[in-house]
Amino acid sequence: MARLLSLALVIVLWTVAAAAVDSSLLPGPVAVGEAMLRDARSLALPYHLACTLLRVIAAFAIAFSLGMAAGFAMGKWGLVDRIGDPWLVILLNLPALVTIILAYVWIGLNETAAVVAVALNKFPNVVVLTREGTRALSPEMEDVAQVFCLSGPARIRHIVLPQLAPYLAAAFRSGISIIWKIVLVVELIGRPNGVGFVLGSAFSLFDMVTIFAYSIAFIVIMLAVESLIVQPLERNASRWRRKAA
């Protein structure tokens with residue numbers, strides 16, 4: 001309820017500000033809502049949102065799966081950590097724009113380059129969080145696994161993953177927030193569709209109504225992901241610790 005009231009307050013303040021400014025640079029909620037309905041009926045809005053969402057899902061799946069495996073290996077074995085750490089530092093400090101440009105130049109202006117560029121920007125963050133979680137694994141729990149002669153898959157499922165869950169949840173949250181933003185830049189620079197492409201085209205025409213319409217539609221999707229996926233995941237991630245306590 002508090003969240004809905006907060007959003008309602010934002011809309012009220014937006015309406016008042018738009019009326020006070022009375023400029024095409026700050027369209028009101030009614031004009032933006034009409035533009036959203038128009039593009040929704042023409043299927044332009046759902047099409048571009050779907051293009052962006054597919055890139056987000058693909059890049060996130062690649063970055064999360066590979067980053068989790070690499071982070072676990074670096075946290076578990078010192079030699080792997082020493083070999084991989086310099087590359088990890090480079091990827092962490094490499095600007096996203098540089099990665100995007102290099103991917104487009106080396107791979108081409110295609111979907112593969114777009115997804116790879118986004119995944120590379122998220123990959124090191126997953127590695128860092130998973131590595132720290134692996135280093136914090138309880139030796140006592142490992143002894144329990146040995147006493148009960150758990151197999152490799154059973155050990156991962158019942159011993160490793162529950163302890164890594166809070167770190168993976170943090171990687172999930174930060175990954176979603178980072179990937180959303182980078183995907184828009186990727187689309188702005190080199191894709192013929194998606195929310196970033198539409199925002200770039202609208203900017204060139206100073207079409208503020210379209211910019212607001214697609215930005216708000218994008219924000220609504222992010223709020224839905226946050227409420228339906230991210231927050232429940234974070235609550236479940238530490239449930240085993242509360243039960244143990």
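A pocket here is an open set of grid points where a 1.4 Å probe fits, with protein on both sides within 12 Å along at least five of seven lines. Keep that in mind for the first views, and note that the model is predicted.

**View 1. The largest pocket comes in at about 340 Å³.** Counting up its lining gives 14 residues. Go to the centre of the pocket and the closest of them are V10, I11, W14, I216 and V220.

View 2. Helix 10 gives the largest share, with 6 residues.

**View 3. Helix 5 packs against helix 6.** Here we look at residues 96-107 (helix 5) and residues 111-135 (helix 6), whose axes sit 9 Å apart at an angle of about 150°. Angles over 145 degrees count as roughly antiparallel, so that is what helix 5 is relative to helix 6. The crossing of helix 5 past helix 6 is right-handed.

**View 4. A look at the side of each helix that makes the contact between helix 5 and helix 6.** From helix 5 come A96, T99, I100, A103, Y104 and I107. Helix 6 answers with T112, A113, A114, V116, A117, L120 and N121. Sort the residues of this contact by type and you get 10 nonpolar and 3 polar, with no charged ones.

Definitions and conventions: Residues are numbered from 1 along each chain as its sequence is written. This is a predicted model: local features need pLDDT of at least 70, side-chain atom pairs count only at pLDDT 80 or more; totals for chains, interfaces and linings use all residues. Side-chain values use heavy atoms; hydrogens and water are left out. Axes are lines fitted to C-alpha atoms, for helices over the stretch in contact, and angles run from 0 to 180 degrees between N-to-C directions. Helices (H or I, at least four residues) and strands (E, at least two) are DSSP runs, numbered from the N terminus. Angles under 35 degrees count as roughly parallel, over 145 as roughly antiparallel, 65 to 115 as roughly perpendicular and the rest as oblique. A crossing is left-handed if the near helix is turned anticlockwise from the far one by less than a right angle, and right-handed if clockwise. Contact means heavy atoms within 4.5 Å. Ala, Val, Leu, Ile, Met, Phe, Trp, Tyr, Cys and Pro count as nonpolar, Asp, Glu, Lys and Arg as charged, and the others, Gly among them, as polar. On a 1 Å grid over the protein atoms alone, a cavity is a set of points where a 1.4 Å probe fits but cannot get out, and a pocket is an open set with protein on both sides within 12 Å along at least five of seven lines; lining residues have an atom within 4 Å of a point. Grid points are joined across faces, edges and corners, and a volume is the space filled by probe spheres set on the points.
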